[in-house]
There are 2 protein chains.
Amino acid sequence: MEIRPAVEDDWPAIWPIFSAIVAAGETYTYPESLTFEQARGLWMEQPPGVTVVAVHDGLVVGTAKLGPNRPGRGSHVATASFMVDPSVHGRGVGRSLAEHIVGRARDAGYHSMQFNAVVETNTGALSLWHALGFRILGTVPEAFDHPVHGLVGLHVMYLRLADPGRPARPAG
Amino acid sequence: MEIRPAVEDDWPAIWPIFSAIVAAGETYTYPESLTFEQARGLWMEQPPGVTVVAVHDGLVVGTAKLGPNRPGRGSHVATASFMVDPSVHGRGVGRSLAEHIVGRARDAGYHSMQFNAVVETNTGALSLWHALGFRILGTVPEAFDHPVHGLVGLHVMYLRLADPGRPARPAG
């Protein structure tokens, strides 16, 4: 499996994964009525952000994006999002993407990585984030309207990337 | 002092407050190079969001905005931002705006209100949020590059608005 930066021509192959995961409604707070073009604008990052695809046998089986969590004086903290084709779940695509993105963020000089809204019932993702060293900083109660479980919490999760004493990436 | 929804013609009076507070660099992660028009797009909310101004003797002395913190399945949680003209600090403008916005969010049926990034050295704001019932859910360490204090934490803060047992506002 290859993981590489996505190009604009990858979007038609990413879109079915994006739309299936958003329609399932269990993990993301994207609006459910997004068009092909609106979703492209939200998922395909512009610099300094980057979007990647995981490709297996010529097929896009997963995607992720990385960028600053906030602009300006918060831009040394990264954030990232991940989507894996539901038909290949359990084969390590998510873990490979996550390791790639964390490595890429470290190489880019980000101080840390923050996830703003990890659905507390998404146990597969939570296990992966914990395995990679992320910890839960706090949980916003009843902040996600889950189609099966009703109102569930959203975790804020965090991984420090910078070595102790290493200066943060300059803001901006 | 009157607090009312802002109209487009209010932006030229809001802009000096916005630009002074962003230039000071102590409380927000907006980019510091925003133009008049770019800042207008970020501060003047579109429905279902709303931007308000506090007016005293015909002058805009503060402003705030309210809207869903996330779209889709997270849209029952509100977020808000506040700016007060530095020349009138300490006269209760911030508290009046905050009470107005919390009441407006409750009336609009939001389940709760979340602040995503309260700078931990912003003790005036913190005292006000605590007085209004907000609590700190967690703190992202070293997530804000403060011009005086260096890297400081960003608090995630939360206030429940819905009565126990009351259903959340439908998502969307």
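In what order do the seven strands of the open sheet in chain B line up? Keep in mind that you're looking at a predicted model. Going across, the order is β1-β2-β3-β4-β5-β7-β6, and the pairing is mixed. At the edges sit β1 (2–5) and β6 of chain B, each of which pairs on one side only. If you step from strand to neighbouring strand, the average turn is 25°, direction ignored.

β6(B) runs antiparallel to β7(B), and eight bridges join the two. To pick out one place where they meet, look for Asp145(B), whose bridge partner in β7(B) is Leu151(B).

Now turn to where the two chains touch. Here 36 residues of chain B are in contact with 36 residues of chain A. Together the chains bury about 2,700 Å², and 55% of that area comes from carbon and sulfur atoms. On the chain B side, the residues losing the most area to chain A are Thr29(B), Arg70(B) and Arg73(B), which together make up 26% of what that side buries.

Between chain B and chain A the count is four salt bridges. A handy pair to click on is Arg160(A) and Glu142(B), whose side chains form a salt bridge at 2.6 Å, N to O.

Which elements of chain B give two or more residues to the side that touches chain A? They are β5 (112–119), β6 (135–146) and β7 (150–160). The largest share is from β6(B), with eleven residues, and β6(B) is also one of the edge strands of the sheet we started with. Sorted by class, the chain B side has 18 nonpolar, eleven polar and seven charged residues.

Finally, a few backbone details are worth a look. In chain A, the peptide bond from Pro47(A) to Pro48(A) is cis, with omega near 10°. Pro48(A) lies in the loop between α2 (36–43) and β2 (50–56) of chain A. Chain B has a cis peptide bond as well, joining Pro47(B) and Pro48(B), with omega about 10°. You'll find Pro48(B) in the loop between α2 (36–43) and β2 (50–56) of chain B. Back in chain A, Asp57(A) isn't a glycine, yet its phi is positive, near 50°. Look for Asp57(A) in the loop between β2 and β3 (59–68) of chain A.

Notes: Residues numbered from 1 in each chain as written. Chains lettered and ligands numbered in written order. Predicted model: local features only at pLDDT ≥ 70, side-chain atom pairs only at ≥ 80, totals over all residues. Heavy atoms only, no water. Contact = heavy atoms within 4.5 Å. Buried area = accessible area lost by both parts, 1.4 Å probe. Helix = DSSP H or I, 4+ residues; strand = E, 2+ residues; numbered from the N terminus. Nonpolar A, V, L, I, M, F, W, Y, C, P; charged D, E, K, R; others polar. Pairing = 2+ DSSP bridges. Axes fitted to C-alpha atoms, helices over the stretch in contact; angles between N-to-C directions.
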